[in-house]
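Open the model in a viewer and keep the selection panel at hand.

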Amino acid sequence: MKLLVCIKQILDPEIPVRDFSIDREKLEADSANANQVTNIFCENALETALQLRDSVGESSITVICFGRESAEDSLRKALAMKADEACLVMNDLNHTPDSATTAHVLASAIESLGSFDLIFTGRESGDWGNGQTGAYLAEELKVPYLPFVDDIKQTDKGFEVRRQTESGWERYGIPASSVVTITNSDHNLPRIPKTRDIMMSHRKTITRVSFEDLKIRKDELNPQSDSVRPVKLFVPEKESACEFIEGENLNAKIDQLADKIMEIRSTL
Amino acid sequence: MSETSGNGSDILCVLSSNEWDRSAEGLVGAGRLLSDKTGGKLIAVTLGEWQDSALKQLGARCHQVRVGQTQVSVSGGIESMLDYLVKLAEEIQPASILFGNGTVEEEISPRLAFRLGGSSIGDAQALTISNNRIQVTRSVYGGKATAVMELQKSPAVVWIRSRAFPPAGPLPQSGSFETTVIQETSPESIELLQHHEDASEGVSLEEATMIVSGGRGLGGPEPFEDLKALAATIGAEMAASRAACDAGWVPHSWQVGQTGKKVTPELYLAVAMSGSSQHMMGITDARNIAAVNTDPDAPIFKHCRFGIVEDYRNVIGPLTEKLKSRKK
């Protein structure tokens, strides 16, 4: 069985607010002050794929990333987590392309790599958080699609998967070659790679693919050709006027807290 | 593929939850906001089984209601829904197609945009039109920044935080109705096998007016029992941070935040949670946020109207007792 996991490298979403700033020209976050990390949902996706591969045997996982040169680090980490192969689709554009363009590029690259039994993406990214690449990718590849998956088993006909919903979950049967997006659950927390595997990952070759290789004309990819583009980006101002409840003792403080809660409740 | 919006001026609102609730009101309100600007018609498109009384509310507020009757649940018949919506959009040529917030809506929006050669974005907190194009305001970078995104290809397919939009009043003249039975046009490639609802006694989190929420600081599933007792006393619903859900302490349907529910209560009481920006994205529209936390520098307090710096273990039990006696 051949599995493909699409991953994205993003600005570390855990950086404190005080270290976050905006590049006003590019209309994206300033990348100077923070590390680049693999998007967490992409790691959840890789972890889900690793567990599936290890449960069925005779399988391999290819990890693909459309990103900058620095994305090599994310692919090395995926190899250290025991993915089998890695492919970097080089993004040397001057802007950050939208989800539709990203999916178009990924689809071309995936077609050049061959066919896969299941394609994974994260449900959304921690930077722009559009949550659309998986859906666009399925449309580009003309294959079935199921988002918000947190559990996958192989069956005779394809796969049986669990999807999270607003109020619970659903189980679906999906055919081979589908695209699934993975969401977080208590059993797909990404594993920590072993030191030895980290060392080994540096000996592996990462396949590099350029726009030219995919016959995609770079000059046709720009903010104007994207279907969606940012026209403003700013840090929202927050009012911070928290009233810290004080009192002689804890009992008096809790009394005040109860009063305030009842006051709001009485307005309902 | 048209380069700009404006080959049509009508606005479609697709309603797949079959109730006239605050969410539906906000979605129609957002639709009216746009149709007033484009001068086009506001057309409600319903999927699933709708009661006559709910349809009447739509008819009073929209120029037209297209009732799509379905044999299967919306999530069990996504391909048929997509085929139906594509056909409808090709007939009407709308400037924009709006959806509410839900996992099905989130799934359909980009796929519909792709098939129509349009553009798509989600989690809209505000909508405007500039230079004949739809612009969407949304939180990005885990709530650290706000972006205005321009949708450059028509139609603009957008799922919105429907409860963030004001409801629209009735139109002078009621809209017309047209009913279509949605056919199973193409075989569903995916098969719905089982549907499960997590146990819930009250209203949905999105509709809740009071919410008690627990975070990583609770350290395990047991303290949630105390929070539940507190919530029951004031008629609040339960929620949790992603950390608490990922740890398996409570179901994922309780999760509030960037990738969880977006809630709009009058009171959101956050217990033992730091208030990461990702979590705050789910509660930006809460009227009052209050917190119980041992750390006065916890980011949650920056968003609070009031709070108490104390170990929750010393607070929740006595607070529940005091609230009980005040209710009497």
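Start where the two chains meet: between chain B and chain A there are 7 salt bridges, each a side-chain nitrogen of Lys or Arg within 4 Å of a carboxyl oxygen of Asp or Glu. This is a predicted model, in which local features need pLDDT of at least 70 and side-chain atom pairs count only at pLDDT 80 or more, while totals for chains, interfaces and linings use all residues. Residues are numbered from 1 along each chain as its sequence is written, chains are lettered from A and ligands numbered from 1 in the order in which they are written, and side-chain values use heavy atoms, with hydrogens and water left out.

**Interface**

Select A:E139 and B:R111; their side chains form a salt bridge at 2.9 Å, N to O. Next, show helix α4 (residues 103-116) of chain B, which gives the most to the side of chain B that touches chain A, with 9 residues. Helices here are DSSP runs of H or I, at least four residues, and strands are runs of E, at least two, numbered from the N terminus.

Now widen the selection to the whole interface: 81 residues of chain B are in contact with 86 residues of chain A, contact meaning heavy atoms within 4.5 Å. About 7600 Å² is buried between the two chains, 57% of it on carbon and sulfur atoms; this is the accessible area (1.4 Å probe) that two parts lose on being put together, summed over both. Highlight B:Y141, B:K144 and B:F306, which supply 11% of the area that chain B buries against chain A, more than any other three residues.

**Cores**

Select A:I64, A:I110, A:I119, A:L137, B:I97, B:F99 and B:L112, the residues with the most contacts inside the largest nonpolar core, which has 53 residues. Such a core is a set of buried Ala, Val, Leu, Ile, Met, Phe, Trp, Tyr and Cys residues joined through side-chain atoms within 4.5 Å; buried means under 20% relative accessible area, exposed over 50%, partly exposed in between (1.4 Å probe, protein chains only). Helix α3 (residues 78-92) of chain B gives the most to this core, with 9 residues. Apart from this core lies another, of 44 residues, including A:W128 and B:F165.

**Loop residue**

Last, go to B:N101, in the loop between β4 (96-99) and α4 of chain B. Is B:N101 buried or exposed? B:N101 is buried, because its relative accessible area is 18%. Its side chain makes a polar contact with that of B:S162 (3.1 Å); the rule asks for a pair of N or O atoms within 3.5 Å, and within protein one must be able to donate a hydrogen and the other to accept it, with residues adjacent in sequence counting only if both atoms are side-chain atoms.
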